[in-house]
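This briefing sets out the main features of the structure displayed below. The points are grouped by topic for reference alongside the model.

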Amino acid sequence: VLGVIYFIGLIIALAVPALIVPPSSTHPQVGRTWFAFLFTVIGAGIMLVASLVHFRRSRDGTVLTLATVSAISVFLGGIILVAVKLGGGYTQY
């Protein structure tokens, strides 16, 4: 069950933002970009919570390490995408 929750978090973190701001979009609206990033943060949070719950049940450090590193990587990737999409800053329309 925790694996499914983790996978749902991954889908929320990656697929939902791609539906809001398409990857091919070069100058998206600032509000839509931040809204998409919100889903990345929510999805990465779900991934992180699922990994922590699984660690508390199994006490397997490998699971905690692999799941936490991937959740943090998704979050950092979201930050990078926001920076790329909003390359001109807040003055874009």
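**Helix H3 and the overall architecture**

The 25 residues of H3 should span 36 Å at 1.5 Å a residue, and the end C-alpha atoms of H3 are 36 Å apart, in agreement with that value. The model is predicted. The chain holds three helices and zero strands, in the order α-α-α along the sequence.

**Chain as a whole**

- Taken along the principal axes, the C-alpha atoms fill a box of roughly 50 × 20 × 15 Å.
- The chain has 93 residues, of which 29% count as buried.
- Where contacts in the chain join residues at least 6 apart in sequence, 70% of them link residues at least 24 apart.

**Helix H3 (61-85)**

- The buried residues of H3 are Ala-67, Thr-68, Ala-71, Val-74, Gly-78, Val-82 and Lys-85.
- These buried residues of H3 pack against H1 and H2.
- Ser-73 is also found in helix H3, and it counts as partly exposed because its relative accessibility is 43%, between the limits of 20% for buried and 50% for exposed.
- Between Ser-73 and Leu-38 there are 15 Å in space, C-alpha to C-alpha, and the two are 35 residues apart in sequence.

**Packing of H1 against H3**

- Two packed helices are described by the angle between their axes and the distance between the axes.
- The axes of H1 and H3 come within 11 Å and cross at roughly 15 degrees.
- H1 is therefore roughly parallel to H3, since angles under 35 degrees count as roughly parallel.
- The crossing in which H1 passes H3 is left-handed.
- On the H1 side, Tyr-6, Leu-10, Ala-13 and Leu-14 take part, and they meet Ala-67, Ser-70, Ala-71 and Val-74 in H3.
- Among these H3 residues in contact with H1, Ala-67, Ala-71 and Val-74 are listed as buried.

**Helix H2 (30-58)**

- Helix H2 has 29 residues and reaches 42 Å from its first C-alpha to its last, close to the 42 Å expected at 1.5 Å a residue.
- Its buried residues are Val-30, Thr-33, Ala-36, Phe-37, Thr-40, Gly-43, Ala-44, Met-47, Ala-50 and Ser-51.
- An α-helix has 3.6 residues a turn, so residues three or four places apart point the same way.
- The buried residues of H2 pack against helix H1 (2-20) and helix H3 (61-85).

**Thr-40 within H2**

- Thr-40 lies in helix H2 and is buried, because its relative accessible area is 6%, where buried means under 20%.
- Leaving aside neighbours within four places in sequence, Thr-40 is in contact with Ala-13, Pro-17, Val-74, Phe-75 and Gly-78.
- Of these contacts of Thr-40, Ala-13 in H1 and Val-74 in H3 also belong to the groups through which H1 and H3 meet.

**Arg-59 and the loop between H2 and H3**

- Arg-59 lies in the loop between H2 and H3, just after H2.
- Phi of Arg-59 is near 55 degrees, a positive value in a residue other than glycine.
- Most residues other than glycine have a negative phi.
- With a relative accessible area of 58%, Arg-59 is exposed, because exposed means over 50%.

Terms used: Residues numbered from 1 in each chain as written. Predicted model: local features only at pLDDT ≥ 70, side-chain atom pairs only at ≥ 80, totals over all residues. Heavy atoms only, no water. Helix = DSSP H or I, 4+ residues; strand = E, 2+ residues; numbered from the N terminus. Buried < 20%, exposed > 50% of the residue type's maximum accessible area, 1.4 Å probe, protein only. Contact = heavy atoms within 4.5 Å. Expected span 1.5 Å × (residues − 1). Axes fitted to C-alpha atoms, helices over the stretch in contact; angles between N-to-C directions. Parallel < 35°, antiparallel > 145°, perpendicular 65-115°, else oblique. Left-handed = near helix turned anticlockwise from the far one by under 90°.
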